[in-house]
Amino acid sequence: MEMEMKAKKAIARICETFDGMRQLLDDPELLDTILDQLRADADAPALLAGLLDALDLTLLQAGDELGLYDEAGRNPLTVPSNGLGPVRRTEIVFHCPEGRCTRMVRPEPTASARPRCTLFDKELAWVAA
């Protein structure tokens, strides 16, 4: 299970930084292979460990300081409830629409568009808590 969570976190990183990764890589074939397998198979996150490790190494070698697995500097945001309710903060969190990764997006209070999933080109699903 730990390996599957690691893979889902790596897939989340791909989704949120896809354009930058594509520009950074000399040859995006490995990235495209991973995306194709994810689109084709709901169980793919657990089966892609070797390919994800290879992409992590390739990104690090290409100059990406975080690779796929390092989460340094990623802090969650809490969106204020704009005065609705007594001293309560509402947190809006967007998630992967297909459940293939652990991506969570906490939008800025001024965000006007819902974030999109790179993998499936769908709006992320949301939950308010």
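Asp 36 and Arg 39 form a salt bridge through their side chains, with N and O 3.8 Å apart. The model in which this pair is found is predicted. Both residues belong to helix α2, and three residues, about one turn of the helix, separate them. Asp 36 is partly exposed because its relative accessibility is 47%, which falls between the limits of 20% and 50%. Arg 39, at 40% relative accessibility, is partly exposed as well.

The number of salt bridges in the model is six. Three of them are listed here.

| Salt bridge | N to O distance |
|---|---|
| Arg 22 and Asp 32 | 2.3 Å |
| Asp 36 and Arg 39 | 3.8 Å |
| Glu 98 and Lys 122 | 2.3 Å |

A salt bridge also joins the side chains of Arg 22 and Asp 32. This pair links distant parts of the chain, since Arg 22 sits in helix α1 (residues 2–24) and Asp 32 in helix α2 (residues 29–40), ten residues apart. Arg 22 has a relative accessibility of 30% and counts as partly exposed. Asp 32 is partly exposed too, with a relative accessible area of 26%.

Glu 98 has Lys 122 as its salt-bridge partner. This pair also links distant parts of the chain: Glu 98 is in the loop between β1 (92–95) and β2 (104–105), while Lys 122 is in strand β4 (residues 122–123), 24 residues apart. The relative accessible area is 33% for Glu 98, which makes this residue partly exposed. For Lys 122 the relative accessible area is 38%, again partly exposed.

Asp 56 is a contrasting case. How far away is the nearest side chain of opposite charge to Asp 56? That side chain belongs to Lys 6 and is 7.0 Å away. A salt bridge needs a distance within 4 Å, so Asp 56 has none with Lys 6.

What lies 2.7 Å from a polar atom of the side chain of Asp 56? The backbone nitrogen of Leu 68 does. Leaving aside residues up to four places away in sequence, Asp 56 touches Leu 66, Gly 67, Leu 68 and Tyr 69.

## Empty space and the overall layout

Rolling a probe the size of a water molecule over the atoms shows where empty space is left. In this model there is one cavity of 30 Å³ or more. The largest cavity holds about 50 Å³ of space. Its lining includes Ile 11, Ile 14 and Cys 15, together with Leu 35, Cys 96, Arg 100, Cys 101, Cys 117, Thr 118 and Leu 119. Helix α1 supplies three residues, the largest share of this lining.

The protein as a whole has four helices and five strands. Read from the N terminus, the order of the elements is α-α-α-α-β-β-β-β-β. Of the 129 residues in the protein, 31% are buried. Among contacts with a separation of 6 or more, 52% are between residues 24 or more positions apart.

Methods: Residues numbered from 1 in each chain as written. Predicted model: local features only at pLDDT ≥ 70, side-chain atom pairs only at ≥ 80, totals over all residues. Heavy atoms only, no water. Helix = DSSP H or I, 4+ residues; strand = E, 2+ residues; numbered from the N terminus. Buried < 20%, exposed > 50% of the residue type's maximum accessible area, 1.4 Å probe, protein only. Lys, Arg positive; Asp, Glu negative; His and termini not counted. Polar contact = N/O pair within 3.5 Å; in protein donor to acceptor, adjacent residues only side chain to side chain. Contact = heavy atoms within 4.5 Å. 1 Å grid on protein atoms, 1.4 Å probe; cavity = no way out; pocket = protein on both sides within 12 Å on 5 of 7 lines; lining within 4 Å. Points joined across faces, edges and corners; volume = space filled by probe spheres on them.
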